[in-house]
Every structure is written in C-alpha cells, then in structure tokens.
Amino acid sequence: GSRPPVAPKHVRVMFGPSLYDETIDFDERKAIFERSARAALNSEWTPKGLKFHDSMTKEEYEQALVERPSEVQSFEECIEILKNCSVLVGVHPDQAAEAIVDCALAYKKPFVLLPCCTYHRDFPK
C-alpha cells in the first residue's frame with residue numbers, strides 16, 4: 001500500500017560520514033552530529049561563502065530548535081529519517097555533495113543533487 005504524503009523535515013547539519021558510516025562508534029557519531037548541528041545553526045551563506053557566527057551554547061541551541069519545529073531534533077531521529085526516507089535530496093549541497101552520494105549508496109536510496117554554481121570548480125566531474 002501507499003503511504004500518505006508527509007511534509008519533509010529539515011536536517012540542518014554539516015552533512016558527513018557520521019550520519020551514515022556505521023563503522024564509527026555510535027556515541028562518537030552522536031557527538032559529531034550535535035557539534036555539527038550547532039555549527040550549522042551558527043552559520044549562514046553569504047556572497048563570500050560560509051560565515052560562522054559566535055558559538056552557541058547548548059541551551060541556546062536547544063531554544064533555537066524549539067523555534068524550528070520542522071527541524072530534526074536528535075541524532076536518532078536523523079538516522080531514522082535517513083534509513084527510512086524514499087529519496088535523499090541535496091539542494092546546493094556544496095562540499096556535502098560527496099557525503100550525500102555516499103550516504104545514499106550506504107542506505108541504498110535514490111538521490112538527486114541540485115548543485116550550486118559557487119563551488120563548481122571543487123567538483124569538476
């Protein structure tokens with residue numbers, strides 16, 4: 001049977017192997033996720049590239065998540081979504097493009113990447 005459609009959840013994280021490489025210790029993967037999620041909330045794209053703001057405390061990060069209910073709240077939720085999603089989509093993934101492809105291959109998921117022209121020289125193939 002088919003499932004009813006659901007709104008996608010936003011995974012705001014610096015996407016990398018800790019999200020899909022199960023050879024990495026679980027607790028280490030979770031710690032990496034938490035650090036990269038805070039870093040992602042502390043950053044923004046500008047015409048000159050990625051800009052990081054002052055570091056956010058754990059409490060500030062947790063409050064920011066309350067204000068963003070469509071965003072993934074935990075490492076476990078993120079992994080569950082990646083394992084059970086229908087497709088992985090990277091929109092302007094820049095340096096995360098390779099990790100998204102690797103994740104899709106690891107979880108045997110179809111994927112699509114909509115590249116950004118800003119970093120096209122970094123990924124010529």
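A residue is called buried when its relative accessible area is under 20%, exposed when it is over 50%, and partly exposed in between (1.4 Å probe, protein chains only). The structure is a predicted model, in which local features need pLDDT of at least 70 and side-chain atom pairs count only at pLDDT 80 or more, while totals for chains, interfaces and linings use all residues. Residues are numbered from 1 along each chain as its sequence is written, and side-chain values use heavy atoms, with hydrogens and water left out.

The protein chain has four helices and four strands, which follow the order α-β-β-α-α-β-α-β from the N terminus. Helices (H or I, at least four residues) and strands (E, at least two) are DSSP runs, numbered from the N terminus. Of the 125 residues in the protein chain, 32% are buried.

Helix H4 spans residues 97–106. Ala-97, Ala-99, Ile-100, Cys-103 and Ala-104 are its buried residues. These lie on the same side of H4, because they cover an arc of only 165° around the axis; the arc is that of the directions from the helix axis to the C-beta atoms. Exposed residues Glu-98 and Leu-105 are carried by the face of H4 that is turned away from the buried side.

Helix H1 comprises 16 residues, 26–41. The expected span of a helix is 1.5 Å times one less than its number of residues. The buried residues in H1 are Arg-29, Phe-33, Ser-36, Ala-37, Ala-40 and Leu-41. Down the axis of H1 they fall within an arc of 130°, so they line one face of the helix.

At the start of H1, the backbone nitrogen of Asp-27 has a side-chain oxygen of Asp-25 within 3.2 Å. Within the helix, Ser-36 has a relative accessible area of 10% and is therefore buried. A polar atom of the Ser-36 side chain lies 3.1 Å from the backbone oxygen of Phe-33.

Side chains of opposite charge can pair when their charged atoms come close. The structure holds two salt bridges, a salt bridge being a side-chain nitrogen of Lys or Arg within 4 Å of a carboxyl oxygen of Asp or Glu. One of them joins Glu-22 and Lys-83, with the closest N and O atoms 3.3 Å apart. This pair links distant parts of the chain, since Glu-22 belongs to the segment before H1 and Lys-83 to helix H3, 61 residues apart. Lys-83 is partly exposed at 39% relative accessibility. The side chains of Lys-30 and Glu-76 also form a salt bridge, at 3.1 Å from N to O. Here too, distant parts of the chain are linked: Lys-30 lies in helix H1 and Glu-76 in helix H3, 46 residues apart. Lys-30 is partly exposed at 27% relative accessible area, and Glu-76 is partly exposed at 37%.

On the surface, Val-87, Val-89, Val-91, Val-112 and Leu-114 form a nonpolar patch with about 420 Å² of accessible area together. Strand E3 (88–91) and strand E4 (111–114) are the elements that give two or more residues to the patch. Patches are made of residues with over 30% relative accessible area and no salt bridge, like charges being joined within 9 Å and nonpolar side chains (Val, Leu, Ile, Met, Phe, Trp, Tyr) within 5 Å. Accessible areas come from the Shrake-Rupley method with a 1.4 Å probe; for residues, only the protein chains shown count as cover. Val-87 lies in the loop between helix H3 (75–84) and E3 and is partly exposed at 39%.

Other loop residues were also examined. His-92, in the loop between E3 and H4, has a phi near 55°, a positive value in a residue other than glycine; His-92 is partly exposed at 40%. Lys-108, in the loop between H4 and E4, has a positive phi of about 55° although it is not a glycine. Lys-108 is exposed, with a relative accessible area of 73%. Val-72, in the loop between helix H2 (58–66) and H3, is buried at 5% relative accessibility. The C-alpha atom of Val-72 is separated by 6.1 Å from that of His-10, 62 residues apart along the chain.

Conventions: A polar contact is a pair of N or O atoms within 3.5 Å; within protein, one must be able to donate a hydrogen and the other to accept it, and residues adjacent in sequence count only if both atoms are side-chain atoms.
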